[in-house]
Each structure stands twice: as structure tokens, then as C-alpha cells.
Amino acid sequence: MQFHHHGYVSGNPKVEPAAGVGIDRPDDLPDQIDVLIVGAGPAGVTAAAQLSQFPNVNTRLIESRPHRLEVGQADGIQARSVETFQAFGFAGAITEEAYRITEMAVWRPDPDKPSHIARASVPVDDPQGISEFPHLIVNQARVQDYFVEFMQNSPARIRPDYGIEFVHVENDGDPDYPLTVTLRDTSAGREGEQRTVRAKYLVGCDGAHSKVRKAIGREMRGQQAAHAWGVVDALAVSDFPDIRKKCIIQSKAGGNILHIPREGGHLFRMYVDLGEVATDDASRSIRETSLEQTVAKANEILHPYSIDIRDIGRYSVYEVGHRLTNKFDDVDDPATQTPNVLITGDACHTHSAKAGQGMNVSIQDGFNLGWKLGYVVDGRSPAALLNTYSEERQEVAQNLIDFDREWSTLMATREEDFDDPGQLEDFYVKTAEFPAGFMTEYKPSLITGETTYQALASGFPIGKRFKSAPVVRVCDANPLQLGHQARADGRWRIYVFADSQAAGSNTALADWADWLISSPQSPVVAYTPKDRDTNHIFDVKVVYPQAHADVAIETVSKAFMPRTGPFELVDYENVFALDPAADIFERRGIDPAKGALVIVRPDQYVAHVLPLGATDELAAFFKPILLEPGASRR
């Protein structure tokens, strides 16, 4: 990571200098707020963490609980989420304390003794090498802790305001602060006290029973799957040999178990099949299933093995439900309106927990929305940018529900009812890219270009997340992952994959680079405030198709080595060469004779691919997205 560019830093470099609203931040909620986030769950803390990089945006995060979450319901962390954690600076730390899934054991009835279970197969968790990041298991509370730490150390110094719940919102059309939000105190000594604040934007991250969703008249649509599961987080002694391995366990007559080891070396979670729920059971009596009954059921399924529960972290019974909100904002006509109230996470979509997607998709909801709110409120983009949130994330949620419906149905199917005994593990392996979080592909929109030039960089599909690859940094010869150098700082990325003639100074690339930092039509020139560094909005990196020793850094354009901070220090860390052992040009389908420009959004999704040296196309792409400093955002 970079620091010292504003002066010598002797303390923790992760604590950035306070700026804007982060200077002398008041303890109590102000009367006027730019962005009010309701709910400090995964979506809420991710959105707040991203907004903490926008110190001119007054963001407050309220939570009805009196303190931080101590025991979370979610625990599965897919590779795309770990990739996101890398951008927020804590992937390494959270990986060290998490349980890492490398393979999954499948247990089925022993063909020779069907009343016993036997290990049938052990498929690798990521057989296709989808990501360099691992699949983790860690308590949701710890994930939220890391995001909160990030936002507290960021320039805006955001921290959750605990003990405050949302009551109602009204929009009176005021041009500055259109929302009147009624809040209620839940803290001891002030419980029940109400007050109102004015806000520009309200974000509902308040769960499946979201009051924000109800306040804007949005509805959850879908149905229960009429199947119940007991969920146990336990410390136990067991003779089951795969107690520290993720397992799918299918018994002959007792139902199924999804077994997931958790962090700390001893804790595990079991989803225990409690069977079908009678359609005429209006009282939902299945929810009264006791812990003792669920453990007995687990032991029946595990026969001839057993578990002896010593301590319980959490126990609940739930019925699988698949529901989707009809829209993720308060806009009925995007052609004439822009949102002021938006909802995320479980407020928008609910599904089973067994696919491990709830927290992961919610994190991506928050990441997607956070930078967009920052750009609009900070005056960098028109308000129409916010319409892309519901457009993009609603389709993702629908795809998730479709996947989860199939997965949860397979998980509830008894072994004898499968046409093929290996059907469950085959589905797990074949669909690995989806639950890993890498199947999301945004359609062409305001911020996602057409595929006209996709062939120039076929390995960076437009609309999908930017897939990292090894490179060597020229200035210090360090081998690195290119994608890991992008922080969640709200900047757009322009990756310049140079052509094989570009190592000199008299080339087409040199002319384009000069245009980028000098022409009034360049997005870097047009949209960067005059009092800011040239890399304030755009992070421009170049990758040469030569070995690092063959790139003369003294000939590299200033476009790739900007001056930063009050001392105008040179940033040398944007110039890369290929790693001979893992050629990024070959891996990502880029012809080194032609090169390419790859434009990446602040949330790490590829926005466009353009020819190397393109000027008119690059300027045209950003024209409707960004505003020149001082322009109206409407």
C-alpha cells in the first residue's frame, strides 16, 4: 500500500488522515444527512465503507441493536467476496482467522449396508481454478467488524450509530434534502424517543422484514419451499471422520445434512433436514422443533457415527423461502425519475442459506450502490447513475434465486430419489463459478459498454468482474497480481495494455498518453477538479508485453507516473510488465501487436474494452457518466 505522499507517517498507515465530514465528526446525528443507511448488516457496512472514501459526503449508518453484532447467521464467504475484501485491505487478515474450504466430502448410504453412511466422493472445491482467492467460512460478525474498522480509519471517519431504528420516510420534493426520516431511539434511558432528520438519500439494509421497503410500497414476491431445516452451531465430540471438512450427507431414511466446519478449529454448523412442512400447518409447528429433536435427527442421519454436543453457539429452525422484491428503489419510471430511497440485501431478496449466498450477494449490493451514491452526492455524476443500481442488482438477485431453488431442492432430495447417485456432487462441481460469485455479467447500460471491441481483450468480458493475473511491477521488479493493486477508493481504472512497439517514446501509445493528460476532451482533464491530483478520479496503469528489464522506465509517459500530494511526488507503481511464467496478454486474450484499453468501474467490473490509442471512444463513454466540476448533477 502507498502512504507518505502527504508527509512522513510514523503510525498505522491504514489510518488515513481525516478530511471533510470526518474532521470533528459529531457524536449525535445531525439534522441534515446526505446518505442515511439503515441497518449495519453486510450490505449496510459495505456501502458505508465505500462511502467513507468520499469525505465530502455526510454519511450516517444507524442500527437498532445497541451494539455490534456478536453472533451472525451467515458464515460462508465466497471467492468474489474475498476479492472484494482485498480491495478494502483486509483479505489477508480475515483469511488467517477463517476456515478455508479446499474440498467437499459427499456421504451416501453404504451400498453394502444401507443403514450406514459411507464416503462416496471428495470433489475439489474449485476444480477449475476460478479464482486465486479461497472459499472461506467465518462469522458474519467478524466480516462486519473489518468493514467497520475500514470506515472508521477512512477520511470520512464513519462509525455505526447504534440504538436507533427507522420508523418512516416521506418525500416532499425539496430540491436539497427531499426526505424527512422519522427515527426512534432504542438505547437504554432514551428508549422510544423520536426525532426527524432530513436526508438526500435513504438506503434500507434492514433485512427481510425491512421497514424501509414497506415505507416505499415495495413487496416481496415468491413462495416458501415447504421444507424445514434445523441449523446448529455447535462444539461437539464426534467419531465422524470428516467433522473438519465440508460435507453433504445423504442417508437412506433419515434425510440429509449439510455440514460446514467453522473458524477456530472446533466449531461447526449443521443444516439438518427436518422434512416436508404440511401445507395445512398454518401454525408452522415445525418451528417448535427442539434442539434435542434436531440433534437426534442428526445422529440418525450420521449412523453409524454420532455427535455429542458440548456447547451451542446458535440454534434455529427455518423454512426455505425464495422471494424477490419487485424493485430495489422508489422509482416507478426511470425515464423521468431518479431514486432517493434504495434497498439492499435481504430487504430485496431472500433464499435458503445452504448455497452460502446471502451475505455474499448483499456485500456486492452494497459495493455496487456505495460508489454510485458517492459519485452523485459528491457532484461527480448525474443522479441518473443511481437508476443503474436496481437495473443491475435485481437481475443478479433473480439469477441467485433460480440457482438456489435448484440447489436447495437437490439438497432436500432423498438419496433413493435421485436418477443418478452422483447428481448432487455433479451439480456442485459444474456450477462452481456461480456460487463463487463470478457469473454476474451486467448488460450494456450507462456504465457498461457494448461488445464492439471485445475481441481485443477476450479474457476481460465486458460486464463481468476484472479477473486478475500475475504481472511484474517495473520500478521494483516485484511480482504481483494486477487486480490486487486496485483499492476500494472510488476511482475508475484505465488499464492500458501496450502494444509491442510501445517501449519507446515515439509511438502511438505515447501520443495517446499525452492526449490523456493534456487534451480538454480527455476524461482525466475534463473531470478532475483543478485542485486535485491527476489520479483523483482515474487510476491509470500500463502493462507492457515485455519483461520488466526491457522496459526503460525513464521513457514511460507521465500519464502512467502521476505526481501526487503536496510535495508532487512521483508515483512509480502504475507501470507493469508481463510475468514470463504467466503471460497476462496470452491469458486474457490480448494480441501484443495491437494492445487494448480496459476500463474498469470502481466496483471492479469491466465497463468497456477499446482499441489502444482510442480517444473519441473513451471521451464519448465517460461523457454521460461524469460531470465536469461545478456542473449540476440533475
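How many of the six residues of strand 21 (residues 492-497) are buried? Six of the six are, so to speak, under cover. Keep in mind that this is a predicted model.

Let's stay with strand 21 for a moment. Both of its faces are covered. Trp492, Ile494 and Val496 are buried on one side, while Arg493, Tyr495 and Phe497 are buried on the other.

| Partner of strand 21 | Residues | Sense | Bridges |
|---|---|---|---|
| Strand 22 | 538-544 | parallel | six |
| Strand 26 | 596-600 | antiparallel | five |

Val496 makes a handy landmark in this pairing. In strand 22 it stands opposite Val542, and in strand 26 Val496 stands opposite Leu597. Both of those residues turn up among the contacts of Val496, which also include Leu509, Trp512, Val540, Phe560, Ala596 and Leu612, leaving out residues up to four places away in sequence.

Now for the wider packing. The largest nonpolar core has 118 residues. Val496 is one of the residues with the most contacts inside this core, alongside Val181, Leu202, Trp492, Trp512, Phe560 and Phe622. Helix 7 (residues 358-377) is the element that gives the most to this core, with nine residues. Apart from this core lies another, of 21 residues, among them Ile462, Phe466, Val471 and Val598.

Next stop, helix 2 (residues 79-88). Nine of its 10 residues are buried, so helix 2 is largely enclosed by the rest of the structure. After helix 2 comes Gly89, which has a positive phi, near 90 degrees.

Ser131 sits in the loop between strand 6 (113-121) and strand 7. Is Ser131 buried or exposed? Its relative accessible area is 12%, which is under the 20% cut-off, so Ser131 is buried. Its side chain reaches the backbone nitrogen of Phe133 at 2.9 Å.

Note on methods: Residues numbered from 1 in each chain as written. Predicted model: local features only at pLDDT ≥ 70, side-chain atom pairs only at ≥ 80, totals over all residues. Heavy atoms only, no water. Core = buried A, V, L, I, M, F, W, Y, C linked by side-chain atoms within 4.5 Å. Buried < 20%, exposed > 50% of the residue type's maximum accessible area, 1.4 Å probe, protein only. Helix = DSSP H or I, 4+ residues; strand = E, 2+ residues; numbered from the N terminus. Contact = heavy atoms within 4.5 Å. Pairing = 2+ DSSP bridges. Polar contact = N/O pair within 3.5 Å; in protein donor to acceptor, adjacent residues only side chain to side chain.
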